[in-house]
Every structure is written in structure tokens, then in C-alpha cells.
Amino acid sequence: MRQTQVAKAKANVKADAKAKLAAGSKPRAKIAVKTAKPTKERALTLLSKPQLVNMMDLMVKSRVLEERLIKIYKAGDAFFWIGGPGEEAFGVPLGLLVDKGQGPSHDYLHLHYRATPTLVAMGMSYIDSIRLIMNRATDPSTGGRNFANHYCYPQWNVVPVGSPIEVQYGMAIGTGISQRRLKMKKQKSGVSIVTGGDAGSAEGDFASCLIWSSRPEKELPLYITVQNNKWGISTPYSEQHGEKNVADRGKAFGIRTNVVNGNDPIETYFQIQGDLEYIKKNTRPVLTEFQVSRLYGHSSASGANRENGDDPIELFEKRLVDSKFVKPGFVKELWTAYDTESRQISDIVRAEAGPLSDTIWDHVYVDNENADWRKF
Ligand SMILES: Cc1ncc(C[n+]2csc(CCOP(=O)(O)OP(=O)(O)O)c2C)c(N)n1
Ligand SMILES: [Mg+2]
């Protein structure tokens, strides 16, 4: 019975089409209706799904921490904020690729004050960063004596972050020399990684780094990176730099150079991985410029308010959602969970004590010698 009805319906459709044709209407072109299959973006297939999701998670974890640090500053619980929102797509892959450990057989990190994403990817906990910005005695980096994002982790070769810009490019030469020595003795040796800003590349330390890392037959395993956000506080890159890219300056020294989109975590991941391999294999430097965003201005000195600019987290989230790696709302859920965690931790830290005056000389001189000149 059912069969006859279907057959009848089909016959009706055929007759209807014939009648239309006879009346002069054209038969419709066949439209290929595809079922909505996720179109996986090729770049995203280069890493596994857990790797991609982990990278997204760490980027959000770092951003939420930075936003918490800004709130802590704005609530009057800290004197100053400076940090790395907008540099997550560079900093997280770097932190994931570092050979973490102590001593010259591992990588050294000569970082600047926008390195939260790298430290978060290396395993730094929220409480460590919050203790630093609130200047608590419990702060493992400085005992509560430096300001936000001036990290120091000897056990991971994270050299103390300094406030004078670009000095880290000069310091990296020293660890680079020790690593070259190991390499020449055919022992396991790491890379000295240095990060810093575009404006700071005008300082002499940057030039020293190019010169010292590329001396003939004495080349150093230095990974010289620049995070170009096109600003030095309020001075635009376009008004200060005759060179098109900061990285171009390495060419005069025979250094391998690259300019990459630092807002794309996949591009930066493979660039960093390839650069580190080349440096280890050849004991030669690489200079790579990562073009990044500065999403909350320079620091609390410029207000620390959200500004325009490409947001690496939004861009990456869209790609992961479009390719069906994560569901829409995945990032929002992460955000809420990290936000709650960061608020609870800041409540704990607020109740902790600041450093005592008799610890002022701690870690200044070898073996904690008391360097008070009045007592000499
Ligand atoms: C030797 C030195 N000169 C000046 C300053 C003041 N200062 C702090 S941050 C900054 C701008 C740095 O810009 P850039 O190197 O591009 O890094 P960004 O802050 O943009 O990441 C300046 C001039 C300083 N800290 N140290
Ligand atoms: Mg800059």
C-alpha cells in the first residue's frame, strides 16, 4: 500500500516536471548539497588535538592571570602592573618547547616583563605570580621586593627579569659562552633564549648580542627573539626604525633571521621548534621577530585598560571552533573557572605578610653575606 503511494508520488513529480518543460521552464541545475562536515584547517592538523587544546587552555590561563593582576593593581593591592596580555601565542609555545632544568645543559631564559605566558606554560602557579605583584615575603621570585612579572626561577634557568630594558641581551652572551664550551666538549648543552621588545632593540645591549653571538668560529647557541608590538611605551615603531624589520639587522652578521606572525600559536610553535633545532645542531644564533599585540597598553602607567588590536586568543578560538576541535563556549567555561581560581588565590595572598626589613640583603651577595656597609 505504502509502496504504491510512493510510486504515485514519484510519477506525479515526473509528470509535473514534464509539464513545466513543455511550458518552457528550464530544468533546475543539480545542486550538490553537502552534509556540513567540519573543514579541518591544514595547519591545525600538524599538532594533535590534545596539544591544540592544551595550548588554548594555557593561553586562557595566562590571560586570566594577567587580568587578575590588573584588577589587583586597580584595587590598590599592588603598586604597579606590567605584563604580557597579547603575547600568549608566542609565549605559550615557547614555554612548551623549552628544555627546562638547571645549569648550562638545559636552556636558559633571559626574559623581559611580558613573559607570563611562557612561565604559565612551564608550570608556574597562579599563587607565585600573585605573591610577586602583591610584594609578599612568600614570593619565590624576589621575596616580595620587585614588581609584577619580574620572575626568577633558578631551578628552571629563568634568570631574574630586570627593569632596565634590553640588558638581558647582554647577559645571554654569558650563558651562551658557557653552553658553547659544553658543546665543544661534546657534552649535552642547551640554548640561551632571550626575549625583549622592539623599542629596546635600539639599546647597545642588542647590538652587543648580535656581535658576540656571531664572532667567526666562536658563534653562540643564542636564540635572539624580539616581540615587536610596534610600541615603546607611547613612541610608535614607525617613527623610530629605518629598518623594515628588527630582524633584518641580523643579516649584516650572517645570522639566520625570520619574521613571523606572533599572534598565531601554530606558526610560532613550528618556528620556535625549527629555530631551536638549528641552533643546537649548528651552535649558531638565530634572530626571530614575532609580531605581537599589546592589549592592555604599556603598563599601569598608561592605564592598563583594554585596547584595540588582534587578540590571539579570540583568533585561535575561532579556528578551533570552526574546525570542530572544541565546542563554542569552551573558552568561556575555561575563563570562568580560571577567573574563580585567581580570585580565591588573591584572597589568600592578601592575608600574607610583606618582607621584613632584616631580609633586605638576602640574595644580594654570595652566601648571603650581610652587605650593610655600616657593619664592615
Ligand atoms: C634602559 C632603560 N631605558 C628606559 C626604560 C623605560 N622603559 C621601560 S619600558 C620601555 C619601552 C620598551 O619598549 P619595547 O622594548 O618595545 O618593549 P614593550 O614594552 O613594547 O614590550 C621604556 C623606554 C627602561 N626601563 N630602561
Ligand atoms: Mg614594543
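Of the 376 residues in the protein chain, 42% count as buried, meaning that 20 or more other C-beta atoms, placed from the backbone, lie within 10 Å of the residue's own. This is a predicted model, in which local features need pLDDT of at least 70 and side-chain atom pairs count only at pLDDT 80 or more, while totals for chains, interfaces and linings use all residues. Residues are numbered from 1 along each chain as its sequence is written, with chains lettered from A and ligands numbered from 1 in the order in which they are written.

The chain contains 10 helices and 7 strands, taken as DSSP runs (H or I, at least four residues, for helices; E, at least two, for strands) and numbered from the N terminus. Among contacts with a separation of 6 or more, 75% join residues 24 or more positions apart; a contact here is a pair of C-beta atoms within 7 Å.

One helix pair is worth a look. Helix α2 (residues 49–74) packs with helix α5 (residues 126–133) at about 25°, the axes being 11 Å apart; axes are lines fitted to C-alpha atoms over the stretch in contact, and angles run from 0 to 180 degrees between N-to-C directions. The two are therefore roughly parallel, a label for angles under 35 degrees. On the α2 side the contact is made by L65, L69 and I72, and on the α5 side by Y126, S129, I130 and I133.

How values were computed: Angles under 35 degrees count as roughly parallel, over 145 as roughly antiparallel, 65 to 115 as roughly perpendicular and the rest as oblique. Two residues are in contact if their C-beta atoms, placed from the backbone, lie within 7 Å. A residue is buried if 20 or more other C-beta atoms lie within 10 Å of its own, exposed if 12 or fewer, and partly exposed in between; C-beta atoms are placed from the backbone.
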